[in-house]
Amino acid sequence: SLPMYDSSAYTKYPQHQFVYDKLLIAQTQNVPCGILADIDIGNGNGNDDSSDVSYPIFIKPRWGHKSASSKNCYKIKRAEDLLPHLDKEDMIWTDFIDARETMTDFLMVDGKVMYQMTSVYSDKQNGFIDDWKHISAKNEPPPKIVAWVAKHMTNYTGVCNVQYRGDIIIEVSLRLSRGGCYIKSTDNPNLVRQVNHIIDEGRWDHTITDLDYVPFYSFKCYTKLPIVYLLPQHVID
């Protein structure tokens, strides 16, 4: 019953579908943002007074349940660099957040965080792809992230993945990261049981107390070989 992909999670939780609107996520944090098509690039020199955009900016698809990976995500340094992207549908822009990326899986019951698993990314990245993630029970999300979840995920029972740079949220999903493989990689069956209790029964088992695990790393293999890199997303899935 656990949603593996954003499309199925979007359908399963209609009251919280709003988290897949990345423009709304930015607006709730007062991050400068907008619809890409609304940007007036003027003469293309990046200094047009009719535009409130201050470069660099970051552009990406608006709807998280309709996109996958980091497709159509770009750092834009100048207004003229937007020209190849203006015909793409449902694109938004936000301030470029120059901070280390981190990710947290929250296990929630009735809007309350019962458990969190935070993955710290490597400083080095290949584009938007990290070299590794460090997963430890001692890793904790910033208080500002926890406060956002408490404020906006009221009455939610399920799992929630939040990705952020510094203490600014860039994406929220109603599923576990990597289909729950990090939970399974803890080798702690109690964590798996708690996820099952939440998804199948809508409750947290307070009799289960041993949720600790040995910290570990998740490494990524990076390639530019077209035969692997350019496969359609559903084939990769």
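Trainee: Are Tyr13 and Tyr156 buried or exposed?
Mentor: Tyr13 is buried, and Tyr156 is buried too. Keep in mind that this is a predicted model.

Trainee: How many aromatic pairs does a search of the whole structure find?
Mentor: Six. In one of them, Tyr13 pairs edge-to-face with Tyr156, at 5.2 Å centre to centre and 65° between the planes.

Trainee: Where do those two sit in the chain?
Mentor: Tyr13 is in the loop between helices H1 and H2. Tyr156 is in the loop between helix H3 and strand S10. They are 143 residues apart, so the pair links distant parts of the chain.

Trainee: What about Phe58 and Phe96?
Mentor: They form a tilted pair, 6.4 Å centre to centre, with 45° between the planes. Phe58 lies in strand S2 and Phe96 in the loop between S4 and S5, so the pair ties together parts 38 residues apart in sequence.

Trainee: Why does Phe58 count as buried?
Mentor: Because its relative accessible area is 15%, and buried means under 20%. Phe96, at 23%, counts as partly exposed.

Trainee: Which charged end sits over the ring of Phe96?
Mentor: That of Lys75, 4.3 Å from the ring centre. Likewise, the charged end of Lys133 sits over the ring of Tyr121, 4.6 Å from its centre.

Trainee: New topic. How much space lies in the largest cavity?
Mentor: About 60 Å³. Its lining has seven nonpolar, one polar and two charged residues. Among them are Lys22, Ile25 and Ile168. Helix H2 and strand S11 each supply at least two lining residues.

Definitions and conventions. Residues are numbered from 1 along each chain as its sequence is written. This is a predicted model: local features need pLDDT of at least 70, side-chain atom pairs count only at pLDDT 80 or more; totals for chains, interfaces and linings use all residues. Side-chain values use heavy atoms; hydrogens and water are left out. On a 1 Å grid over the protein atoms alone, a cavity is a set of points where a 1.4 Å probe fits but cannot get out, and a pocket is an open set with protein on both sides within 12 Å along at least five of seven lines; lining residues have an atom within 4 Å of a point. Grid points are joined across faces, edges and corners, and a volume is the space filled by probe spheres set on the points. Helices (H or I, at least four residues) and strands (E, at least two) are DSSP runs, numbered from the N terminus. Ala, Val, Leu, Ile, Met, Phe, Trp, Tyr, Cys and Pro count as nonpolar, Asp, Glu, Lys and Arg as charged, and the others, Gly among them, as polar. Rings of Phe, Tyr and Trp (its six-membered ring) pair if their centres lie within 6.5 Å; planes under 30 degrees apart count as stacked, over 60 as edge-to-face and the rest as tilted. Buried means under 20% relative accessible area, exposed over 50%, partly exposed in between (1.4 Å probe, protein chains only). A charge sits over a ring if NZ of Lys or CZ of Arg is within 6 Å of the ring centre and within 35 degrees of the ring normal.
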